[in-house]
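Hello,

Here is the structure you asked for. My notes follow below it.

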Amino acid sequence: MATVIELPVETYKGPVDPDWCPGCGDFGVLRSVQTAAGKCGVHPKDLLVVSGIGCSSNLPGFIHAYGIHSLHGRSVPVATGAHLANTDLKVVITGGDGDGYGIGVGHLIHAMRRNLDVTYVVMDNQIYGLTTGQASPTSAKGVKTKSTPAGNFESPLNPLVMAITSGATYVARGFSGEQKQLGELIAGGIAHKGFALIDVFSPCVTYNKINTYPYFKERVYKLEDEGYEPTDFYKAIEKAYEWGDRIPLGVVYKTEQETYEDNEPVLKKGPLVKQKLGIPKNVHQALIDEMI
Amino acid sequence: MPSSAVYLIDPSHCGFRGSKRAVEGVRMQEVTIGIAGAAGDGLDKSGDTLAKTCGRLGLHVYAYNSYQSIIRGGHIWLRVRIGDKKVLNHGDNLNAVICLNQDSLERHAPEVNEGGVIIFNSDKLKLDPTLVPKGVQTLGLPMKEICKEVEAEHGALQPIMQNTVAVGAVLAIAKLGLEEASSVMADTFAHKGDKVINLNVSLLKVGYEYAEKNAKAITKDWTFSKKRRPFVTGNEAIAFGAVAAGCKFYSAYPMTPASTILHWMAAHAQQVDVCVKQCEDELSVINMAIGAGIAGVRSMCGTAGGGFALMTEAIGMAGIMEVPVVCVEVQRGGPSTGLPTKTEQGDLFQVYGASQGEFPKIIVAPRSVADAYDTTVNVFNLADKFQLPVMLISDLLLSEHPETVDPEAFYSDIKIDRGQVVSEWAESKGKFKRFQFTESGISPRALPGTENCNFVSATDDHDEESILISDMFTCEPIRRKISEKRFRKMDNLLKEIPAPKLEGPADADVTLVCWGSTSGVVEEAAEILTAAGVKTNFLVLKWIVPFHAKEVQEILSKAKKKISVEVNFTSQMARYIKMETGVSMDGHVNRYDGEPLEPKEVAGRVQDILKGKKLDLDVSEEDAKQIAYHYLRTHYAEKLRPTKVVQESANGHGEPVWSIELTERATGKQGGKMKVGVHTGATYSFEKEPVEAK
């Protein structure tokens, strides 16, 4: 592999400043994505950041890279198409828990089972922020929101367990209050060959008064500090279920598997976007002949 | 005559039936062969053999398979119309029928035209002589006897092989010879080796020889030009056209009648270097295609009406992001799951209205297989040049029917125009503006990977630099200007596509208006009407958005009588024309029973409209029989069949009813009675005990 020439974080300073609420967890995530891209030496021309809709999905507008700010829940298929079209691009998908685990969860599961070679950073704030505070797929049971005034009686989805069992090959959890680690986790995801899901606690300071910075600071611990090895599938699932007084941060599961791109025969001839368009005359004639 | 037509026409309406179509002799020599059986009987392969044989001989073929959403069983009805000139549709004649089961024999034997022949396996099936129309020959094939020698050489035959014997018989009575069919067999079974080829050729031969001895030919001698023509479906033409135009990415979710595009693409992926992605749903399908489009490859996706309903939000995304992408929408019987394997033109408004908001787009409906290829090739250039989504509307008939097409129609000399793509951008030129406000409305685009051109493709509305104007920096003038920029593309686009033209005599008494596959039927209907003294021309609307409103208004306002012909209930194209031009039709021909229109049917309906005759929607005697067959199949395991049908008035049901006598298949004895409402089609009663016993 070629030596990575790291780029400074300023390389990725976006054209406009983020319009998130002051104190929003997403600022830390943006900074970490920029740090990670720099660490991996991805030139802004080769970085494609794809999002859906939501506060966090505004991220592509705030980073110097190519961006696709797509539809609510559709960042994953848009990113899939873009990456299959040009595998030279480093594709980072960014979005929230509603976007990725709610309306877009079907696509996410399939992208993970395909082991597509992209990185997905979910800014998980356990609430719908842009729509002013409704329950999300990761909202805890009993939580009162605008849409659950008597308390949420649905169980939350466990993104890490879902990712591990669906076939993601790099599954991690970060916290925007732990930016240094988060930058490393995202860089690990970008460098990883295969689908990387990084679920990030990114507190909503306006609409979620429970899952706050102090809430997480009291509970989180780093897996690497305890000598955890993320290579065992079943141990990883066990770790992914850990919740309550102690919540793990770090790489929960990592494995090397063939990617979708490895198995797509047409990509063996190089990125689609660089291939010649149309078909040679002899092939054209053969296609007619087979119908006679 | 179609058994299930909503608008069955009285043959006297068109004035050609019986004396043969007046123009038939002039226009072409033709013969229509029907093959009927159940799904899994392999009759499509038999049809292919017959059609490919004709295609190699230099004859023209149009085939239509009426089938159902079932893998085994049900009823499959394949018609292969063969002519010595271009065949425009499956027609409404039936000169020979091969029936592979008892049900098929009862359904289709009565439909054979005078001079025709009914072919069946006489070892297994019984043909009730009362079902045979006057002047029609019967050719029962005693399979065991005929195939004795073949069996001695090759061992016991599978039931499916009777089809090949029957095809051999058709080759004889339709004067198509054995030689070319044998060459088709050799190619079809090349991968299975000589033994299988010899077996199939022998089966053709014994059928051929038996028919030569036992039946009269049903056609005159043909003149074979020997020009070899491919036998192609609309979907194959679309897929072929796409890859020929440089499509590198195709995504789809399986859905009839669009799936065969996916199958063709997957089967040829490595030969033509196209990345084929079967997705988890249609939301994913179109979003992937758009993602691939942004990244810079020519991309296409395909689906039926139901799948398209899921795609609509993303169509608008391609509109606001100005992404070139081609989306094929193949219409089938709706609404909802509707009639999954039947044809309809009911999705025009769905496609027209797809997605919230307003944005430039192309909607185009090719009219034939050759046109499907040409249209697909062209829309890739238009999509790139004008940076917008293209919706290519097809219908089940166009997409799934195969016809012979001149090989020249699949031209390979294709000029690929990617439009304005910036390949490099010096930093000294300042910021690259992806959505630059230009006079043409077209802004140069850059593909991700290009240095100094970074931008965001956003679903929120944005300024020239792609910075959102939706949240923090709203700005009314910019919103107005970017909307105008996007829509300026449409004015220029309209200049690049051809305006529709009247076809047929200029000074016509009546002008038929149609779109999509119906144009093949309308063209022939116009010929029939003209030959009958009603001078008829027709207008095919192909480019729907943008629309040549001025030209269409001029044409139609000069027409003496305007009649729309569509396979739908609500005449969507006629309504659309009225919206765009203010011109109303004088009448409408519609069909919405799942089957395509047929030329004599259209001609008859047009004559009725011209005479001011009101459309009769009552259940006809033939319809009543079909309703009875349906009831018996679904409730009574086909032990009975309808025989005598009599209309009764005073009966307590508030409408006249058809009283249908049911006969036991096994014994021929009276087995029951059914009453069906003449107006409503309601099934009022069914008595399965013999009536006398009560």
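Predicted model: local features only at pLDDT ≥ 70, side-chain atom pairs only at ≥ 80, totals over all residues.

Chain B has an open sheet of seven strands with mixed pairing, in the order β9-β8-β10-β11-β13-β12-β21. Its edge strands, β9 (275-278) and β21 (543-545) of chain B, each pair on one side only. On average, neighbouring strands of this sheet are turned by 20 degrees against each other, direction ignored. Ile363(B) is opposite Val545(B) of β21(B).

Val545(B) also takes part in a cis peptide bond, to Pro546(B), with omega near -5 degrees. Pro546(B) sits in the loop between β21 and α18 (549-558) of chain B. Another cis bond, between Thr256(B) and Pro257(B), has an omega of about 5 degrees. Pro257(B) is in the loop between β8 and α10 of chain B.

Helix α14 (residues 369-386) of chain B lies across β8, β10, β11, β12 and β13 (389-395) of chain B, at about 165 degrees to β13(B). In the loop between α14 and β13 of chain B is Gln387(B), whose phi is positive, near 50 degrees.

Lys226(B), in the loop between α8 (194-214) and β7 (231-233) of chain B, has a positive phi too, near 65 degrees. Are these two residues buried or exposed? Gln387(B) is buried, with 27 other C-beta atoms within 10 Å. Lys226(B) is exposed, with 10.

Regards

How values were computed:
Residues numbered from 1 in each chain as written. Chains lettered and ligands numbered in written order. Pairing = 2+ DSSP bridges. Helix = DSSP H or I, 4+ residues; strand = E, 2+ residues; numbered from the N terminus. Axes fitted to C-alpha atoms, helices over the stretch in contact; angles between N-to-C directions. Contact = placed C-beta atoms within 7 Å. Buried ≥ 20, exposed ≤ 12 C-beta atoms within 10 Å, placed from the backbone.
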